[in-house]
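Welcome to a short tour of a protein model. Have a look at the fold before reading on, and keep the viewer open as you go.

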Amino acid sequence: MMMRFCKVDKKKDTAGFNAAELTRYYMDSTPSIDSLIAQCGSEDELLGELQIAFVVFLLGHVYSAFYKHFIRSLHYHLRETPSDFFVDIVSRNNFLTTTLKLFFEALREEQAELDVELCARGEKFKQHLEKYFSWDFSVDEDDDPVVVEL
């Protein structure tokens, strides 16, 4: 099922506006709202559309779907990066590697509660990154919490 919402007009061409018209245009969004009301049919229908959009946003937090898209998107972005890009000592330990390590650890720890396809895709992505960039996402025992008994 696809939902179609009213199209919000982009800013119009302000060439030829005098200073007063330009100021009014950027300070008063009434014409934009009037355009949305005209598209929806009435003020009540516009309000209803805003409410349903908010509910869809709240209920649409299906994190497994989000992460599947995150993995796919990041995979295609990193394909454009040369394999030796992260070889430099400065760029080797960067935000991306640290964040991905945490992400892969979370996938491993929460595997029982997550979608099987998500875990498989995450593992495949991890193996690809380890091979392509020579990164190591293995869990370091030094990073585990230390339990001190008194």
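In which helix do Lys 126 and Glu 123 both lie, and how many residues apart are they? Both belong to helix H7, where they sit three residues apart, about one turn of the helix.

## The overall picture

Please keep in mind that this is a predicted model. The protein has seven helices and zero strands, so its pattern along the sequence reads α-α-α-α-α-α-α. Of its 150 residues, 21% count as buried.

The accessible surface comes to about 12,200 Å², and carbon and sulfur atoms make up 58% of that surface. Among contacts with a separation of 6 or more, 67% are between residues 24 or more positions apart.

## Salt bridges

The structure holds three salt bridges. Side chains of opposite charge can pair when their charged atoms come close. Lys 126 and Glu 123 make one of these bridges, with their closest N and O atoms 3.7 Å apart. Lys 126 counts as buried at 17% relative accessibility, because the cut-off for buried is under 20%.

An α-helix has 3.6 residues a turn, so residues three or four places apart point the same way. Arg 121 is partly exposed at 23% relative accessible area, and Glu 117 is partly exposed at 40%.

The side chains of Arg 108 and Glu 109 form a salt bridge too, at 4.0 Å from N to O. Here Arg 108 is partly exposed, with 45% relative accessibility, whereas Glu 109 is exposed, with a relative accessible area of 54%.

Helix H6 covers residues 95-109, 15 residues in total. From its first C-alpha to its last it reaches 21 Å, close to the 21 Å expected at 1.5 Å a residue. Its buried residues are Thr 97, Leu 100, Lys 101, Phe 103, Phe 104, Glu 105 and Leu 107.

Two of those names come back in the largest nonpolar core, which has 14 residues: Leu 100, Phe 104, Phe 125, Leu 129 and Trp 135 touch the most other members. Helix H4 (63-79), H6 and H7 are the elements that give two or more residues to this core. If you click on Leu 129, you will find contacts with Leu 78, Leu 100, Phe 104, Ser 134, Trp 135 and Phe 137, leaving aside neighbours within four places in sequence.

## Aromatic rings

The structure holds eight aromatic pairs. Phe 17 and Tyr 25 form one that is edge-to-face, 5.9 Å centre to centre with 80° between the planes. Phe 17 is partly exposed at 27% relative accessible area, while Tyr 25 is buried at 18%.

Phe 104 and Phe 137 also pair edge-to-face, with centres 5.0 Å apart and planes at 70°. Phe 104 lies in helix H6 and Phe 137 in the segment after H7, so this pair ties together parts that are 33 residues apart in sequence. Phe 104 and Phe 137 are both buried.

Ser 134 lies in the segment after helix H7 (116-133). Its phi is near 60°, a positive value in a residue other than glycine. Ser 134 is exposed, with a relative accessible area of 52%.

## Around Cys 6

Where does Cys 6 lie? You will find Cys 6 in the segment before helix H1 (19-27). With 17% relative accessibility, Cys 6 counts as buried. Not counting residues up to four places away in sequence, Cys 6 touches Leu 36, Gln 39, Cys 40 and Glu 49. Cys 6 and Glu 49 are 43 residues apart in sequence, yet their C-alpha atoms are 8.2 Å apart in space.

Note on methods
Residues are numbered from 1 along each chain as its sequence is written. Side-chain values use heavy atoms; hydrogens and water are left out. Helices (H or I, at least four residues) and strands (E, at least two) are DSSP runs, numbered from the N terminus. Buried means under 20% relative accessible area, exposed over 50%, partly exposed in between (1.4 Å probe, protein chains only). Contact means heavy atoms within 4.5 Å. Accessible areas come from the Shrake-Rupley method with a 1.4 Å probe; for residues, only the protein chains shown count as cover. The expected span of a helix is 1.5 Å times one less than its number of residues. A nonpolar core is a set of buried Ala, Val, Leu, Ile, Met, Phe, Trp, Tyr and Cys residues joined through side-chain atoms within 4.5 Å. Rings of Phe, Tyr and Trp (its six-membered ring) pair if their centres lie within 6.5 Å; planes under 30 degrees apart count as stacked, over 60 as edge-to-face and the rest as tilted.
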